[in-house]
Amino acid sequence: MRLLSFPSLAILSLLWISAVRADHHVETVLDGLNNPCGVAIQPETGDVFVADSAAGKVVRVKDGKASDVIVEFPLGSYGKGPKFAIGPLGLLFLDKNTLVVGGGGAADGEELLSVFTIGDAGADAKKADAAEQTFKLEGKDELKGEGNFYALTRTETHVYVTCNGDDTKGWVARAAIKDGNRLENYERYLATKEATEVDAPVGIATSPDDASSKFIVVGQMGEINQEGDSLLTFYSEDKKMLLNLETGLNDITALAYSTKARGSRKQLYALDFSWLDTKQGGIFRLVDDGKGGVQAKKIAGLDKPTAMAFGADGVLYVTVIGTKEEGAEKEAGKLLKIAADSVDGEVAE
Amino acid sequence: MFRNIVAMWIVLNAAQTARIHAQDAYELKIPLGLKAMKLPADNPLTAAKISLGKQLYFDKRLSIDNTVSCASCHDPQKGWSNGTPFATGVRNQVGGRSAPSIINAGYQTRATFWDGRAAQTKRRSNNALEAQALGPIQNPIEMDMKLETLIPKLNKIEGYRKQFQAVFGTDATADGVAKAIASFERTVLSGNAPYDRYKAGDKDALSEAAQRGRRVFFNKANCSACHIGGNFTDNGYHNIGIGTDQDKPDPGRVAVSKLEGDTAAFKTPTLREIARSAPYMHDGRFKTLEEVVNFYDKGGIKNPQLDEELYPLKLSDQDKADLVVFLKEGLSSPEYPDTKPPKLPE
């Protein structure tokens with residue numbers, strides 16, 4: 001645990017101490033998804049895009065209905081029991097018509113970060129091999145090939161990607177944004193496991209626009225068979241670790257700052273998959289505990305949550321894998337929506 | 001009458017003074033390379049408590065037939081393990097797993113035992129060692145001592161009863177036994193090894209072979225996927241295949257977590273002082289580190305839950321030799337906690 005004084009105070013001030021309570025309201029937007037693992041909001045239209053991962057496709061969700069946007073991503077699996085089929089993972093828009101997709105179905109070193117130009121609603125679906133750009137992080141010398149590009153986030157100049165190839169390093173990779181809608185120089189950037197000595201960067205976010213300094217915040221998932229070991233780690237853009245906090249959460253899968261300020265600040269939220277006991281999983285607001293640490297306040301219990309994105313209106317969209325009932329034909333994955341005023345609440349403990 | 005009251009006051013005051021003295025905080029000296037240790041809020045370290053815990057740790061009277069102590073299986077002379085594949089308890093009963101080293105056990109704050117069944121009582125309580133301490137005492141194969149027998153037995157030993165009074169303000173209790181033993185175990189530390197000094201900037205601290213081995217460890221051999229951090233463990237549970245080649249495989253962590261992926265998974269042990277704590281693996285099947293390295297080089301033993309970090313490494317003979325040098329030379333501290341048994345109370 002590293003605690004650094006100056007940046008800590010500035011960052012912790014972004015973790016609002018909240019006593020506000022409200023009834024949370026979780027609404028199902030779309031069900032029948034197959035291990036959805038990524039979600040992004042399209043600029044200008046506000047349409048929600050979901051990585052329907054085990055179906056090997058990215059879909060647009062409009063008026064509660066899904067339409068294929070990109071199909072035929074390769075499939076792989078994650079976990080040892082339970083095992084989950086996965087294909088496309090993290091999603092991120094560079095602009096209205098440019099979507100970046102992190103792959104999860106190929107072998108480490110062969111995995112692709114792909115940039116697609118997408119059409120308007122109603123356009124024919126593209127195939128996964130029709131990307132405008134693709135990038136790999138291949139193994140070389142002592143560097144292992146990278147894969148499972150879980151989550152994507154961006155600043156004005158770069159896209160950041162959490163990876164799960166080299167388990168000795170725990171890389172966050174990044175690519176520079178070129179001309180607003182293209183990427184270049186995709187490279188290993190932050191060795192988070194070396195820095196924190198805890199496994200696997202998964203969730204990632206960048207500083208909100210109301211922050212006094214720029215930073216990248218990574219959710220270090222920890223061991224999936226160990227409870228309470230997820231970390232929240234802040235880095236400066238020059239790779240310096242600013243703050244490393246225990247969260248008490250089991251397995252952070254996503255981080256996001258709210259798009260609307262609540263109180264005086266935009267808030268940081270985390271999803272906890274909680275492999276060991278999925279009943280403990282859910283969405284949590286991460287608040288300053290007043291003692292230099294962080295406290296996770298539960299907003300709602302969720303069944304294997306994987307990704308989240310805030311709309312410009314403050315509405316939060318979350319994907320969950322869910323639990324398929326025995327004999328059910330429909331897959332259990334869902335896209336959920338939590339109203340802006342509900343995101344501010346918390347579950348009574 | 002007055003003299004009796006004064007005498008009683010003096011006795012009570014002396015007891016109170018002794019108790020206050022026994023509460024003096026103990027400052028744990030953390031060696032180079034290890035982090036600050038997280039302690040349970042309800043069990044602060046004191047010198048008197050550690051001393052009491054040390055006596056209990058080495059005392060065979062904690063077993064049903066006065067033949068086995070904690071130190072019998074976690075012996076400072078044998079890397080705080082016992083030098084044999086399996087631990088032997090009372091009546092020469094042999095257990096099914098090797099005795100893990102106590103070295104740096106204080107960093108196992110969330111769960112202990114090979115399968116992690118002794119867990120902290122709530123998040124961030126950091127009291128897994130307290131949860132563990134009474135387990136072997138009661139285990140019928142290890143010390144076979146019921147607590148309802150142990151506690152009166154300890155209270156009949158005046159030296160113990162007085163110490164429990166001074167430390168905890170009560171006669172001996174099961175809670176006190178656990179807290180005292182856990183406190184002593186937190187002082188069994190190994191750091192400031194050549195690796196730590198090398199990492200801190202002393203480039204002569206490791207031989208050339210050990211430096212090469214260090215590079216293999218953290219890269220090509222993938223060891224640091226699990227053996228990471230100051231204590232060289234992720235404190236997680238991994239299936240490397242050991243035991244899956246047996247007719248009745250030890251279920252390992254799955255017995256606790258109920259997650260299929262934890263089948264035959266066991267806790268990652270520290271590698272500190274690894275040269276002293278042979279034999280290796282939870283079933284003690286390997287006598288030498290050379291055998292261990294060869295096992296990992298082959299990618300473990302294939303089975304449905306084999307950890308994804310296990311795969312054929314294709315290490316050269318030089319890589320293997322250097323890796324063993326690093327493990328032996330780099331992680332052995334000149335300040336090894338060579339603790340001697342204390343004088344036990346009567």
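In this predicted model, strands β15(A) and β16(A) form a hairpin with 3 residues between them. Within the turn, A:D179 has a positive phi of about 55 degrees. One residue pair may be picked out here: A:I177 has A:L183 in β16(A) as its bridge partner.

Chain A also contains an open sheet of 5 strands, in which the order is β2-β3-β4-β5-β11 and the pairing is mixed. Strands of a sheet pair through backbone hydrogen bonds, in either a parallel or an antiparallel manner. The edges of this sheet are formed by β2 (36-41) and β11 (126-127) of chain A, each of which pairs on one side only.

The description now turns to the contact between the chains. On the chain B side, 25 residues are in contact with 18 residues of chain A. The side of chain B that touches chain A comprises 10 polar, 9 charged and 6 nonpolar residues.

Within chain B, a pair of helices may be considered next. Two packed helices are described by the angle between their axes and the distance between those axes. For helix α2 (residues 47-58) and helix α7 (residues 174-185) of chain B, the axes come within 7 Å and cross at roughly 95 degrees. Angles of 65 to 115 degrees count as roughly perpendicular, and α2(B) and α7(B) are therefore roughly perpendicular to each other. From α2(B), the contact is made by B:K49, B:I50, B:L52, B:G53, B:K54, B:L56 and B:Y57; from α7(B), by B:V177, B:K179, B:A180, B:I181, B:S183 and B:F184. By class, this contact of α2(B) with α7(B) has 8 nonpolar, 3 charged and 2 polar residues.

The loop between α6 (158-168) and α7 of chain B contains B:T173. This residue, B:T173, counts as partly exposed because it has 15 C-beta neighbours inside 10 Å, whereas a buried residue would need 20 or more and an exposed one 12 or fewer. Between B:T173 and B:D317 there are 144 residues in sequence and, from C-alpha to C-alpha, 55 Å in space.

Terms used
Residues are numbered from 1 along each chain as its sequence is written. Chains are lettered from A and ligands numbered from 1 in the order in which they are written. This is a predicted model: local features need pLDDT of at least 70, side-chain atom pairs count only at pLDDT 80 or more; totals for chains, interfaces and linings use all residues. Axes are lines fitted to C-alpha atoms, for helices over the stretch in contact, and angles run from 0 to 180 degrees between N-to-C directions. Helices (H or I, at least four residues) and strands (E, at least two) are DSSP runs, numbered from the N terminus. Angles under 35 degrees count as roughly parallel, over 145 as roughly antiparallel, 65 to 115 as roughly perpendicular and the rest as oblique. Two residues are in contact if their C-beta atoms, placed from the backbone, lie within 7 Å. Ala, Val, Leu, Ile, Met, Phe, Trp, Tyr, Cys and Pro count as nonpolar, Asp, Glu, Lys and Arg as charged, and the others, Gly among them, as polar. Two strands pair if DSSP finds at least two bridges between them.
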